[in-house]
Amino acid sequence: MPLNIDFQQILLHLLNFVILAGGLYFLLYRPVKSFMDKREAYYQSLDREAREKSAQAEQMRADIQARLDALDEEIRQKKNEAQQDLRRSIQAQLDESHRQAEQILADAQAAAQTEHDKMLLSVRQELAGLAAETAEKMLHQAEGDLYDQFLNMAEGGTAHEQP
Amino acid sequence: MKIDKKKLLIWLGLIAALLAAIVLTGHPAGHHESIQQAMRDAVLHDTNRISFFGLAVDPALISAMTVSVLLLLFAAVIRVFFVPRFQLVPGKFQLFLEQIVGMFANMAKTNSPHRHRFLGLYLFSAGAYIFVGTLFELFGLQAITTAGHPITLPAPLSDINAAIAMGCLSYLVILSGGISGAGLHGVGNTLKEFSLPISMSFRLFGALLSGLLVTELVYYYMQLSFLLPVLVGVLFTLLHALVQSYVLTMLTALFYGEVSEPSEKQRAARSDQKAQAA
């Protein structure tokens, strides 16, 4: 063969290389590649977990934000309701106060009227008593005077008849 | 400054004395073959053969087996002592190993995204074999030929038989990718590139042989064996070990990805199957 090409030598070289390739595969390539693949898978799983946790955290944040918004709305509604209740309560208290005040005023007026009537009656009675007493006194005085007058007149009448 | 000059003169004098001693004590008759014969044997490997269990083989085959044993020992040591201690955050050596494995795996994945697991393994093995095999000539390991002369073991792929084996195996790997990835369409695509095994084989052979010839030439003459081998031996060998590993693995990955790519009909059929399975 030209250039000393020898098929047996070629096959021996092929055999040598096949043995080498197999040995390198089992001893070096596969273990190192396997380790690299496992590490890549490990970091990918870490990355995936981190992404999932990040997504969960984002979802949780959105949920919490929604709940906070709902709570704010609820608080606003409660506040409105409380304000309305307060207004109603104040109004009721005011109405009750007005009613009580009117009642008190009416009672006071009634009491005053009664007192007034009592006083008026008492004054009347007192005046009647005083009038009666005065009349009695006047009567007594008049009786005295009358008696004196009578006496005087009586004394003066005799004089008139004698002339 | 005076002291520095004195030290420099002593150092240069020592080097000159050693050089002279080496040249004077050398054996000019040490060469058992002329430079022409050495060059011819480097190309053809028809003179110096080595007995391997009674079989006369090329020295490059012994080199290839030695490289394989070294690589497998290295891999076994790593498998036993280092792989079980791998950490999630890698140290320097673990990072080095992961870089090498990852480089070939990524090369396979990039060039053949639809089918790349076996290709990654092949590229890793071929790359490691070519790189270490090319650097092997730097070790200067000696062996005894069947004629009883000592020779320096060459780089495995500087033998045309080893280069043909590598080129044809790469072609077969590409063909297997075509068959498994695209069926008859892939076979047709692979067979269209019928010149590929020849070009791959002779590219490797030519590149490695040129390095071998230059090294052979330089080391043949003792006077050229000082300082010059640092450039032509170490730096050039390192450079073309890297280049040849990259070229063969990249070409194999490119052609593998091209021929194993499923046709439109096959893609549509596979997507239908997936949809049905889902």
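The legends below describe close-up views of a predicted model.

**View 1. The interface between chain B and chain A.** In this view, 48 residues of chain B are in contact with 30 residues of chain A, and the area buried between the two chains is about 3500 Å², with carbon and sulfur atoms giving 76% of that area. B:Leu72, B:Leu88 and B:Asn161 supply 16% of the area that chain B buries against chain A, which is more than any other three residues.

**View 2. Elements of chain B on the side that touches chain A.** Across this interface 6 residue pairs are found in polar contact, both residues being at pLDDT 80 or more. Among the elements that give two or more residues to this side of chain B are strand 2 (55–57), helix 4 (92–111) and helix 6 (160–182), while the largest share, 11 residues, comes from helix 3 of chain B. The residues of this side divide into 33 nonpolar, 8 polar and 7 charged.

**View 3. The salt bridge between B:Glu98 and A:Arg39.** The structure holds 8 salt bridges over all chains; here B:Glu98 lies in helix 4 of chain B and A:Arg39 in helix 1 (residues 7–161) of chain A, so the pair joins two chains. The closest N and O atoms of this pair are 2.5 Å apart, and the count between chain B and chain A is 1 salt bridge. B:Glu98 is buried at 6% relative accessibility, and A:Arg39 is buried at 14%.

**View 4. The salt bridge between A:Arg51 and A:Asp47.** The closest N and O atoms of this pair are 2.9 Å apart, and the two residues, 4 residues apart in helix 1 of chain A, are separated by about one helical turn. A:Arg51 counts as exposed at 57% relative accessibility, whereas A:Asp47 counts as partly exposed at 39%.

Terms used
Residues numbered from 1 in each chain as written. Chains lettered and ligands numbered in written order. Predicted model: local features only at pLDDT ≥ 70, side-chain atom pairs only at ≥ 80, totals over all residues. Heavy atoms only, no water. Contact = heavy atoms within 4.5 Å. Buried area = accessible area lost by both parts, 1.4 Å probe. Salt bridge = Lys/Arg side-chain N within 4 Å of Asp/Glu carboxyl O. Polar contact = N/O pair within 3.5 Å; in protein donor to acceptor, adjacent residues only side chain to side chain. Nonpolar A, V, L, I, M, F, W, Y, C, P; charged D, E, K, R; others polar. Buried < 20%, exposed > 50% of the residue type's maximum accessible area, 1.4 Å probe, protein only.
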